[in-house]
Amino acid sequence: MHVLYEEDGAFRTATIVLDNDSSLQVEAASGKRSKVKTANVLLRYSEPAPATLLDQAEALASSIEQDFLWECLGDGEFAFLDFADEYFGHVANAVEATALLLALQAAPIYFHRKGKGRFRRAPSEILQAALAGLEKKRQQALSIARMADELQAGSLPAEFAPIIGQLLYKPDRNRSETRALEAACAATGLSTPQLLQRCGAFRSPHDYHLQRFLLEYFPRGTGFPDSETPALPAGLPRADVRAFSIDDATTTEIDDAFSVQALPGLGWQIGIHIAAPSLGIGPGSPLDQIARERLSTVYLPGSKITMLPDPVVDCFTLCSGRDCAAISLYLTVTSDFEISAHETRVEVVPVVANLRHHDIEPLFNESTIAAGLPEFGFSGELMTLWQLANACEGRRGKPSAMQGNHDYNFRIDGDLADAEACRVDISARRRGSPLDKLVAELMIVANSTWGGLLASKGVAAIYRIQAGGKVRMSTSPQAHEGLGVKQYAWSSSPLRRYVDLINQWQLVACLNGDTPPYATRSDALFAALRDFELTYAAYAEFQRSMERYWCLRWLRQQGVETITAAIIGRDNLVRLAGLPLVLRVPSAPQLKPGEQIRVRIESIDELTLELSCRYLETLTAGGEALEEASDGLVEAID
């Protein structure tokens with residue numbers, strides 16, 4: 001005798017060797033012997049041989065219609081052996097009984113299992129719902145296959161257009177579109193961005209990188225809600241100075257300006273004037289909510305996303321030719337450039353000029369200063385401020401800018417709405433120029449002085465601290481080792497950084513004798529600090545990624561095949577000449593930092609921002625790479 005039994009969810013056959021009351025010892029066709037519980041036996045039979053029963057039964061089961069079976073049954077529970085006799089119209093043999101069992105087992109939506117070999121017909125309403133579900137899955141599978149075929153053919157399915165952002169950046173694997181995209185990527189060997197770009201889902205890699213950032217940080221778009229332009233408080237005193245700013249050509253959020261007045265027999269009164277949006281934007285106001293949400297202006301080559309609406313920026317920026325609200329720090333400076341006293345005032349400042357780097361640097365630089373500065377507008381004031389900056393730097397014992405490092409300027413010609421048609425020009429500007437030092441040192445003086453004032457009065461503020469080489473934000477007035485000051489509270493850029501606006505609110509309240517908006521250990525202050533630090537870092541990373549994109553575009557645009565690179569770190573980390581582009585060249589030999597090599601551009605991928613280069617030869621050693629290796633390691637002043 002042979003048996004059909006169930007084990008581990010599968011049907012098996014074997015020959016009985018020993019029959020006990022509660023168990024059987026059986027031998028499989030392979031010769032393996034095992035013990036089977038009697039309760040697991042579904043059928044005892046004499047023929048056919050165990051090795052052929054299931055094959056014959058499966059062939060017969062394929063001809064049994066599930067719908068017909070369901071119609072033949074009543075609503076009660078039944079055993080497959082009993083129903084087999086009824087279905088076949090005679091005492092079913094082993095093959096027929098097993099075939100019916102397999103047919104019942106293969107149709108769980110028609111027949112619900114109630115035990116080993118026992119079933120019950122599914123209720124009509126449940127069956128219809130299950131069949132509808134199956135049809136839906138079938139149609140879904142057909143839809144997935146169709147969309148995958150369209151993608152492989154280079155066409156974007158109509159269903160994709162409304163959810164391109166989700167498919168690119170936050171795919172939902174429960175969606176048919178996502179599964180079709182995955183299938184098409186597997187078939188073509190392309191990544192999701194590569195395949196969707198080929199299908200025209202986005203216009204350029206520039207759009208791909210920009211939209212990913214906007215989806216995460218500006219999901220409702222970069223536009224501003226309607227808001228009223230704030231009014232300045234009346235009755236502010238007007239300063240008797242001629243203030244001027246120093247910025248690059250693209251700056252519109254002019255936060256700082258300077259003034260110089262001679263003090264006969266003593267020295268000078270130096271004014272550091274900072275834009276004062278805090279006088280028109282109140283904590284908790286709609287404009288504050290806008291600034292609190294954005295936390296900072298976002299910069300990228302050819303564009304920016306401002307923290308505040310343009311009309312608000314226009315209201316408070318230190319634009320030439322008008323009187324501007326400002327928080328002014330006045331330094332009394334002796335003839336040997338010692339700061340003997342300081343005073344802070346809330347006032348209106350007449351701004352008479354906005355000096356631009358590209359206009360002033362040809363006239364005011366290391367060479368012209370050494371040769372004797374020529375006469376030009378504000379030449380005397382700039383010289384005095386530069387001498388004060390040198391004295392401040394010497395007293396701190398720390399450089400305000402890394403000499404020899406570079407800033408890279410990106411000029412984008414064309415409309416970024418069609419980035420592929422734009423051309424990029426990248427120029428390097430050495431840091432540490434007299435203008436750089438002048439501005440940086442005076443910002444250090446302002447931020448450290450006002451930080452010290454708030455700390456001495458016990459007024460809460462947000463400080464920038466550095467210890468052990470690590471820079472972080474804190475509400476405690478601790479030292480900034482990199483700058484060599486006891487405390488450093490960002491306060492000089494309130495039009496484009498939210499922590500500066502907070503610190504300015506606190507400073508104005510302190511000066512006026514009012515209760516500061518934020519108390520010590522304020523939860524709102526801690527939350528703003530935490531959110532700003534995370535968001536500011538994310539904005540900076542986005543700016544670096546977009547600069548890398550434009551560097552890759554420049555290489556392709558210029559048709560560069562080989563280029564000089566400088567070793568700047570271990571494992572063949574190099575910086576390409578004339579570009580803020582750092583990468584590893586695994587094929588290069590182990591060389592010392594500062595040595596120059598020539599590499600060949602092998603591949604450029606603007607979607608992944610990857611650049612592959614192959615080493616060609618070693619050139620003469622140079623010091624420029626050593627200087628540039630420390631780019632980004634020193635705290636940004638402003």
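## Contacts, salt bridges and sheet pairing

Leaving out residues up to four places away in sequence, S278 touches L501, Q504, W505 and V508; contact here means heavy atoms within 4.5 Å. The structure is a predicted model, in which local features need pLDDT of at least 70 and side-chain atom pairs count only at pLDDT 80 or more, whereas totals for chains, interfaces and linings use all residues. Residues are numbered from 1 along each chain as its sequence is written, and side-chain values use heavy atoms, with hydrogens and water left out.

**Confidence**

The pLDDT, which is the predictor's confidence in each residue on a scale from 0 to 100, averages 90 over the protein. A score of at least 70 is reached by 96% of the residues. Over residues 623-638 the pLDDT stays under 50, and the model has 45 contacts beyond four places in sequence for that stretch. Where pLDDT is low, the predicted coordinates should not be read in detail.

S278 sits in the loop that runs from strand 11 (267-275) to helix 10 (286-294). Helices (H or I, at least four residues) and strands (E, at least two) are DSSP runs, numbered from the N terminus. S278 counts as buried because its relative accessibility is 11%; buried means under 20% relative accessible area, exposed over 50% and partly exposed in between, with a 1.4 Å probe and protein chains only.

Q504, one of the residues that S278 touches, belongs to helix 16 (residues 498-512). With a relative accessibility of 2%, Q504 is also classed as buried. Apart from neighbours within four places in sequence, Q504 is in contact with I274, A275, A276, P277, S278, I327, S491 and P494. The C-alpha atoms of Q504 and S492 are 8.6 Å apart, and the two residues are twelve residues apart along the chain.

D255 lies in the loop between strand 9 (243-247) and strand 10 (256-263). Its relative accessible area is 2%, so D255 is buried. The side chain of D255 reaches the backbone nitrogen of L495 at 3.0 Å. Beyond four places in sequence, the residues touched by D255 include H273, I274, A275, L318, S492 and P494.

**Salt bridges**

Side chains of opposite charge can pair when their charged atoms come close. A salt bridge is taken as a side-chain nitrogen of Lys or Arg within 4 Å of a carboxyl oxygen of Asp or Glu. The whole structure has 30 salt bridges, among them the pairs below.

| Pair | N to O separation |
|---|---|
| E6 and K116 | 3.9 Å |
| R12 and E7 | 3.1 Å |
| R497 and D500 | 2.8 Å |

E6 and K116 form a salt bridge. This pair links distant parts of the chain, 110 residues apart: E6 is in strand 1 (residues 2-7), while K116 is in the loop between strand 7 (111-115) and strand 8 (118-121). E6 is buried because its relative accessibility is 8%, whereas K116, at 41%, counts as partly exposed. In the pair of R12 and E7, R12 has a relative accessible area of 34% and is partly exposed; E7, at 30%, counts as partly exposed. R497 and D500 are both buried. Salt bridges with shared partners join E6, R113 and K116 into one network.

**Sheet and hairpin**

Strands of a sheet pair through backbone hydrogen bonds, either parallel or antiparallel. Two strands are taken to pair if DSSP finds at least two bridges between them. Five strands make up an open sheet with antiparallel pairing, in the order 4-3-2-1-5. Strand 4 (33-37) and strand 5 (41-45) are its edge strands, each pairing on one side only. From one strand to the next, the twist averages 45 degrees. Axes are lines fitted to C-alpha atoms, for helices over the stretch in contact, and angles run from 0 to 180 degrees between N-to-C directions.

Within this sheet, strand 3 (residues 23-27) pairs with strand 4 in the antiparallel sense over five bridges, and Q25 stands opposite K35 in strand 4. Helix 4 (residues 94-105) lies across strand 1, strand 2 (10-19) and strand 5, and runs at about 160 degrees to strand 5.

Strand 7 and strand 8 pair in the antiparallel sense over four bridges, with G115 opposite R118 in strand 8. The two strands form a hairpin with two residues between them, and G117 in the turn has a positive phi of about 80 degrees.

Conventions
A polar contact is a pair of N or O atoms within 3.5 Å; within protein, one must be able to donate a hydrogen and the other to accept it, and residues adjacent in sequence count only if both atoms are side-chain atoms.
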